[in-house]
Amino acid sequence: MWHSILERFSDSPSQQRVVRFLLENGFGISEEGRVVVNDTEVAATAVARVIGVDRRVVDTTVKRILGMEDIKMTFSHMRVTPDLTNVAKNLGLSVITILPKNAGDKNIVASAVAVLAAHDLTLRQIFVTDPYIVESPRLVLIIDGVIPAAAIEELRALPAVDSIIL
């Protein structure tokens, strides 16, 4: 699905960068044609600065999205959830990032969660980046406390796992 959205903007690489940024970050678009994060407006100039495009490219992309009913519905319902990855240590949580051999493997999440459950670990958050949006898809697991070495080794041994980042 994401690929088809990005492909609709293939005629404009700069607009495609805006769309990719919005998708990667969960930013939406309001009925008024503003970039929003959970109903809070974000200035087009701020988005443009991060992406490295002119503000007018952001405005034009948003207007173009609003003109495409199917894509408009996607962006009008986009929501952002808090990501505890960068504050996990301060909260007494551990983060383990799994880089898959094949992001299309349907068993990555189930097998990783099974390992955590077998070690009686409490899962606080799980993030799976969409392989159609990001170049390096990953599975991020955030758990209460410290991840035991045995659990790390079991995760590392899963057939779908290419590598692990602690």
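Is E153 buried, exposed or partly exposed? At 46% relative accessibility, E153 counts as partly exposed, where buried means under 20% relative accessible area, exposed over 50%, and partly exposed in between (1.4 Å probe, protein chains only).

The structure is a predicted model, in which local features need pLDDT of at least 70 and side-chain atom pairs count only at pLDDT 80 or more, while totals for chains, interfaces and linings use all residues. Residues are numbered from 1 along each chain as its sequence is written, and side-chain values use heavy atoms, with hydrogens and water left out.

**The protein as a whole**

The secondary structure comes to seven helices and seven strands; helices (H or I, at least four residues) and strands (E, at least two) are DSSP runs, numbered from the N terminus. In order from the N terminus, these elements run α-α-β-β-β-α-α-α-β-α-β-β-α-β. The C-alpha trace spans about 50 × 30 × 25 Å along its principal axes, and 39% of the 166 residues count as buried. Contact means heavy atoms within 4.5 Å, and of the contacts with a separation of 6 or more, 66% are accounted for by residues 24 or more positions apart.

**Helix α7**

In helix α7 (residues 149–157), the buried residues are A151, I152 and L155. Seen down the axis of α7, these buried residues fall within an arc of 100 degrees, so they line one face of the helix; the arc is that of the directions from the helix axis to the C-beta atoms. They pack against β4 (93–100), α6 (108–118) and β7 (161–165), whereas the face turned away from the buried side carries the exposed residues A149 and A157.

**Salt bridges**

A salt bridge is a side-chain nitrogen of Lys or Arg within 4 Å of a carboxyl oxygen of Asp or Glu, and a search of the whole structure finds nine of them. Three of these pairs are set out here.

| Pair | Closest N to O |
|---|---|
| R64 and D11 | 2.9 Å |
| E153 and R156 | 2.9 Å |

R64 lies in helix α4 (residues 55–66) and D11 in the loop between α1 (2–7) and α2 (13–25), so this pair links distant parts of the chain, 53 residues apart. R64 is partly exposed at 23% relative accessibility, whereas D11 is exposed at 57%. E153 and R156 are three residues apart in helix α7, which means that about one helical turn separates them; R156, at 39% relative accessibility, is partly exposed.

**Strand β5**

A polar atom of the Q125 side chain lies 3.0 Å from the backbone nitrogen of L84. Not counting residues up to four places away in sequence, Q125 touches P82, D83, L84, V140, L141 and I142.

L123 lies in strand β5 too, and counts as partly exposed because its relative accessibility is 34%.

Key
A polar contact is a pair of N or O atoms within 3.5 Å; within protein, one must be able to donate a hydrogen and the other to accept it, and residues adjacent in sequence count only if both atoms are side-chain atoms.
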